[in-house]
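Have a look at it first, and then we'll go through it piece by piece.

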Amino acid sequence: MSDSAIHAVAGAAGGIVAMTATYPLIFLSTRAAVETRNESKSTLEAVIDIIKREGVLGLYSGLESSLLGIAVTNGVYYYFYERTRDTILRSRGGSKALSTVESMLTGLIAGSATTLISNPIWVVQTSQAVRTMSSDSSERTTVKKLGFFETLNNLLAKEGPSALWRGIGPALILVMNPIIQYTAFEQLKNFLIARRTTRLRAAGAAGAAATLSDWDFFLLGALSKLVATSATYPYIVIKSRLQAGSNKYKSSLDGLLTILRDEGFFALYRGINSKIIQSVLTAAILFAGQRRIFEITKKVSSSVSLTRSHALIQTYIFQAINPLAK
């Protein structure tokens, strides 16, 4: 198995772990982003309100499609990112570090491919997450929750295949989020490694090269995601509303201007508290987990390949010395 494929598997697995751990915060931020009323609730108040109306499991509406979405998103992203990264590094040879421009180009290619492939899954997830929202928070009406395929069939029956591409405009613009995130991560990682390597060599360890711990990856993942989410959150709000089925906006820019005109500047940051906490925690867990899962998967893959190689060699030797075995 190639390193790019192993990175894809590790990214998908790491994303599932991170998504499961932080999903209630994703659910809350999605609802807050879609909500258009001038009603402000704290995260705690929103949690209590949802539990009262839908039970604890209400905080996990749409989890199955989110797990599918994050597995596909991270798997595709890491595959294209590592493939593009390796291509760039091989083309110039020597250095193992990407420049800022190269990091941005790599993120652009990986992010665009991922968005085009995974957008239908996130449309289904958003539809599931907002389905049980009532027009009046005081209502206690029960709305039937739909599974992934039920929601998908419902969307296709009502609106056709085009429904699966709601919000693709702002979603493509939001490719800037992983570009900012992974560029910040790469440059911070390069800086940290270079600084520690310099210290090691200054201390007399000639030829030594610093390595990063799981904790380093956790912190760098959290910091890079904090920068990316803070910079792109208004478009996250617009994307969530379009994916939920809002027909109020003709385009991403129209949505931005309409929200500013009708709801004010702070509406563009509705739900950011839970989103920041969730996205930073998710990224931190993902970066630390993906690295560890990559190393484990690579060792297992190498071990399996080595075992197969030994078996083939033994077979060839046996056939060479024993003509009757042929």
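## Getting started

Before anything else, a word on naming: helices here are DSSP runs of H or I with at least four residues, and they are numbered from the N terminus. Keep in mind, too, that this is a predicted model.

With that in hand, the overall make-up is simple to state: the protein chain has 10 helices and zero strands. Of its 326 residues, 47% are buried. Take the contacts between residues at least 6 apart in sequence, and 77% of them join residues at least 24 apart.

## A glycine in α3

Let's zoom in on G69, which sits in helix α3. Is G69 buried or exposed? Its relative accessible area is 0%, and buried means under 20%, so G69 counts as buried.

What does G69 touch, once residues up to four places away in sequence are set aside? The answer is I121 and W122. S118 is worth a look as well: 49 residues separate it from G69 in sequence, yet their C-alpha atoms are 6.4 Å apart in space.

## Two nonpolar cores

The largest nonpolar core is made of 17 residues, and Y81, Y182 and F287 have the most contacts inside it. The largest share, five residues, is from α3.

Skipping its neighbours within four places in sequence, F287 is in contact with Y78, Q181, Y182, F185, F217 and G221. There is also a second, separate core, with 16 residues; L174, L242, A267 and I272 are among them.

## Where α8 meets α9

Now follow α8 to helix α9, which covers residues 252-262. The axes of the two helices come within 10 Å and cross at roughly 105 degrees. Angles of 65 to 115 degrees count as roughly perpendicular, and therefore that is how α8 and α9 lie to each other.

On the α8 side, the contact is made by P234, Y235, V237, I238 and R241, while α9 brings S252, G255, L256 and I259. Sorted by class, this contact has six nonpolar residues, two polar and one charged.

## An annotated stretch

Finally, the unreviewed UniProt entry lists residues 6-28 as "transmembrane region". In the model, residues 6-28 are 100% helix and 0% strand.

Key. Residues numbered from 1 in each chain as written. Predicted model: local features only at pLDDT ≥ 70, side-chain atom pairs only at ≥ 80, totals over all residues. Heavy atoms only, no water. UniProt positions renumbered as here; feature names shortened; annotations may be inferred. Core = buried A, V, L, I, M, F, W, Y, C linked by side-chain atoms within 4.5 Å. Buried < 20%, exposed > 50% of the residue type's maximum accessible area, 1.4 Å probe, protein only. Contact = heavy atoms within 4.5 Å. Axes fitted to C-alpha atoms, helices over the stretch in contact; angles between N-to-C directions. Parallel < 35°, antiparallel > 145°, perpendicular 65-115°, else oblique. Nonpolar A, V, L, I, M, F, W, Y, C, P; charged D, E, K, R; others polar.
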